[in-house]
Amino acid sequence: MQGQMMNVPLTITTVMEHARLYHAKREIISAIDPQSTHKTTYGEAFERAAQLANALAALGCKPGERIATLAWNDYRHFEIYYALTCSGAILHTINPRLFEEQLVYIINHAEDQWIFLDPDFVPLLENIQDDIPNVKGFITLCDEKQTPKTSLKNIRCYETLLSEQKSDFEWPELDEYSACSLCYTSGTTGNPKGVLYSHRSIVVHALSVSMLDASGFSANDIVLSIVPMFHVHAWGLPFRAPMIGSKLVFPGRYLGNGEVLQNLITKEKVSFAVGVPTIWQLLIDYLEQSGKKIEPLRRAIVGGAACPQSLFDQFSNEYDVELIQGWGMTELGSVGTVNIPGPDFEHLNEAEKKSSVLKQGRPIFGVQVKITDDEGKELPWDGQTSGHLYVRGPNVCNSYFSQESDEFAVNGWFMTGDVANIAADGTVQITDRSKDLIKSGGEWISSIEIENCALTHPQITEAAVIGAKHEKWGERPFLIAVKRAEDSSSAEDILNWFDGKIASWWKPDNILFVEELPHTATGKVSKLSLREKYGEFFIK
Ligand code: AMP
């Protein structure tokens, strides 16, 4: 028997309509240079999204087509989020920090038709435009005066496109299961993989993560998104803030600028913010140097990588900010668990409280977790036994976009590539990573690609790259290599080998020559033993 309730689809259009009707006057602030900001409202932003949807229709864009953005966090990117998804097109947010080969791969793999770009990224696209022949044209996110001279073909100006269009659009009624956006993430091996979100997954995730015991905020909060909008929709904030009716603050291109962030927090009275550990550390360093404060900030969410104890201590002792840890993945439409202190927290002693905040937290509504051994046998939830962490739920990726085999999907569960223990109450603690990736400042580095490059050096016979701890970046690549006995190359010679062959920020920070590398029973280099031996190695 079917329920007799209305079949109103959970789409991003419902978020837009809700905010347009009930939160139209709430502000969106964007930093446009270190000193000044741009102000708009949800009402105005959605009118401009309608103008943009008309402009895209005039350019011949069709539902289901992928349209990319290479853009910072600001009001124009926010408008594009809604214009594309609510008109049935697919928003493909691209990480501009990828290097050219990867950009070419994902633009071609996604079959992007148009690319919106901040003027900063014009040179990047000029370099690769001959390799992305399917892209019909480029739309610069500025007005005519600011449009740079460029060799990019079929270039349009965003503000001009909008000015030619009316500010209402007949938004189609979309199926909640239809695709709305695409974000690529690094795979353990091979090329980046695309996660294709549905409207429903975005809305369900936004609702679950907005609960008070997840990382909820209210219409009285002022919310700052320091997580880039090209990284898993800035953890959902551009959907959550309009849903709730909170004022939204975007730092523009100044995501890594402590001074601008401090200024925005105090001037705009930001009370809630999200960021990766590296960004929070950078802000704390700036505050320490300048003696400035961040008084309005009450709660900050940290995630994307393991967060050091010192950051929790500094936030709470020196700045009276509650720092809350979350764990998530691109494949989860961002958040999987959040560590909000529950009713039992007060009964812990000080040492237990300290170690408790370092855990990744309990699953948000809808996310199921389990851990298994190498053979797939489920392991107990005793807070001690570590195993491969699997997840399932309405916001979890089922299969990658246009990808034949999915080694991550096992019997309806998604294998995260993280290794964790789970306590009896469902608290997850990440203890290791089985995927061969290094997370530096919140961005992935493929250890395999560095190893392959190292092995092209005529004097290197075997190479392994692991993530070593780093004060600022969390992890940095550390190369452990075996070289030919007669070779006299120095570490510096070998490190110079990487110049121009891989992205400069992927270059290992350090190299250690060893006689031999440890191997597993199947003859593979044992990264686990190397991580056990050298993973605590600290690169300054
Ligand atoms: P991404 O898909 O780029 O968001 O990266 C997801 C991965 O980042 C996870 O699978 C973890 O390896 C790592 N990660 C995310 N949040 C945390 C956290 N709070 N602690 C430790 N690692 C994390």
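Hi everyone. A search of the whole structure turns up 18 aromatic pairs. By a pair I mean rings of Phe, Tyr or Trp (its six-membered ring) with centres within 6.5 Å; planes under 30 degrees apart count as stacked, over 60 as edge-to-face, and the rest as tilted. Before going on: this is a predicted model, where local features need pLDDT of at least 70 and side-chain atom pairs count only at pLDDT 80 or more, while totals for chains, interfaces and linings use all residues. Residues are numbered from 1 along each chain as its sequence is written, and side-chain values use heavy atoms, with hydrogens and water left out.

Let's start with Phe46 and Tyr82. Their ring centres are 5.0 Å apart and their planes stand at 75°, so this pair is edge-to-face. Phe46 belongs to helix H2 (residues 42-58) and Tyr82 to helix H3 (residues 75-87), so the pair ties together parts 36 residues apart in sequence. Helices here are DSSP runs of H or I with at least four residues, strands are E runs of at least two, and both are numbered from the N terminus.

Buried means under 20% relative accessible area, exposed means over 50%, and partly exposed is in between, using a 1.4 Å probe and protein chains only.

Tyr82 has another partner, Phe239: the centres are 5.8 Å apart and the planes at 70°, so this pair is edge-to-face. Here Tyr82 in H3 is linked to Phe239 in helix H9 (residues 237-244), 157 residues apart. Phe239 is buried as well, with 2% relative accessibility. Ring pairs join Tyr42, Phe46, Phe78, Tyr81, Tyr82, Phe239 and Phe250 into a cluster.

Now for the sheet. It is open, with 7 strands in the order S7-S6-S5-S3-S4-S8-S9 and mixed pairing; two strands pair if DSSP finds at least two bridges between them. Strand S7 (155-157) and strand S9 (193-198) are at the edges with a single partner strand each, so one side of each has no neighbour in the sheet. Within the sheet, S5 (residues 114-117) and S6 (residues 137-140) run parallel, joined by 4 bridges, and Phe116 stands opposite Ile139 in S6.

One last stop, with charges and rings. Lys501 lies over the face of Trp497, 3.7 Å from the ring centre. The charged end of Arg392 sits over the ring of Trp413, at 5.9 Å from its centre. The rule is NZ of Lys or CZ of Arg within 6 Å of the ring centre and within 35 degrees of the ring normal.
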